[in-house]
Amino acid sequence: LLLINSPHNPTGMVLNAAEREAIARVAVEHDLLVACDEVYEHLTFDEPHVPLATLPGMTGRTIQISSAAKTFSVTGWKVGWVCASRELVDAITTTKQFLTYVNAGPFQYAVAAGLDLPDDRFARLAADLRAQRDILIPGLDAAGFAVHPSHGSYFVVADAAPLGVTDGLEFCRRLPELCGVVAVPNQVFYADPDAGVTSLIRFGFCKRPEVLTEAADRLTRLANR
C-alpha cells in the first residue's frame, strides 16, 4: 500500500507528470494499492491537479480520499469521501462502521449541496488563493527567506536558514515578538523533529488581502535586524 499526499508535496509543489508516472509504474509492477490524499484537488494553481487514478493501470488500484474541509473552509466538520472500486469501497465502509460508525450526519447534506455548485465557484477559489499567495511570497523574499514554490494548497514553505535560523521551532516561538506574524515550524510534522530540515517554516495565505499585505510589511523587519 502506497500513501500519496496528492496533489502537492510538503512544500506545496504539485506532482509533475514524470513523478505521477513513476508512482503508477511502481504500483502496477508490484501490484500495489495507492491511497491518495486529494483534499487540495480544487486548490491548485499554475499546474492542474491530475488524479493518479486516471493513469493507465491505476483505476482499480487507487483509493482517492478527499474532504470538504479545505475547499469549503469547514475543517471542523470532518466530512469527506472516498472514490475507489466497489470492492475497495465495501471494505472501507465496513472498517469505517467499526471505527466511528457515522460522523457529522447533518453536515453531509450541506457538503452535498456544496459539491453541486458550478465549476466556476471552484475556479474562483483557486484564483483567489493564487492572488493571496502572490501577496505573501514577495514579503517572505524581502525578509530574506528562501521560499519554495507553492503550486497548491494555501500554504507556502520558506527556509529561514538565510536569516541564521537553525531551529525552526524556537524561531516560530519568537516570531510574534519579532514582527507580529505567526507561522508553523515544519519540525512539528515529523515523529523525529530532527529528521527534516529544521529551518523550514510554513506560512498560511488563506487570509484577507489586507491582512497578508500587513504581514508582508511586518516580515521585512526581519531583514532589518
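A nonpolar core is a set of buried Ala, Val, Leu, Ile, Met, Phe, Trp, Tyr and Cys residues joined through side-chain atoms within 4.5 Å. Buried means under 20% relative accessible area, exposed over 50%, and partly exposed in between, with a 1.4 Å probe and protein chains only. The largest such core here has 31 residues.

This is a predicted model: local features need pLDDT of at least 70, side-chain atom pairs count only at pLDDT 80 or more, and totals for chains, interfaces and linings use all residues. Residues are numbered from 1 along each chain as its sequence is written, and side-chain values use heavy atoms, with hydrogens and water left out.

**Whole chain**
- The chain has 7 helices and 8 strands; these are DSSP runs (helices H or I, at least four residues; strands E, at least two), numbered from the N terminus.
- Its C-alpha atoms fill a box of roughly 60 × 40 × 35 Å along the principal axes.
- Of the 225 residues, 39% count as buried.
- Contact means heavy atoms within 4.5 Å. Among contacts between residues at least 6 apart in sequence, 68% join residues at least 24 apart.

**Nonpolar cores**
- In the largest core, the residues with the most contacts inside it are Phe145, Phe171, Phe203, Leu219 and Leu222.
- At least two residues of this core come from each of α5 (119-143), β6 (155-159), α6 (168-179), β8 (200-204) and α7 (209-223).
- Helix α5 gives the largest share, 6 residues.
- A second, separate core of 10 residues includes Leu15, Ala24, Leu32 and Met58.
- Phe171 touches Phe145, Ala160, Leu163, Val165, Leu178, Ile201 and Leu222, leaving aside residues up to four places away in sequence.

**Serine 66**
- Ser66 sits in strand β3 (residues 62-67).
- Ser66 counts as buried because its relative accessible area is 6%.
- The Ser66 side chain reaches the backbone oxygen of Glu38 at 3.2 Å.
- Beyond residues up to four places away in sequence, Ser66 touches Glu38, Val39, Glu41, Gly80 and Trp81.

**Lysine 78**
- Lys78 lies in the loop between α2 (68-71) and β4 (80-83).
- With a relative accessible area of 61%, Lys78 is exposed.
- Lys78 and Ala68 are 10 residues apart along the chain, and their C-alpha atoms are separated by 7.7 Å.

Definitions and conventions:
Polar contact = N/O pair within 3.5 Å; in protein donor to acceptor, adjacent residues only side chain to side chain.
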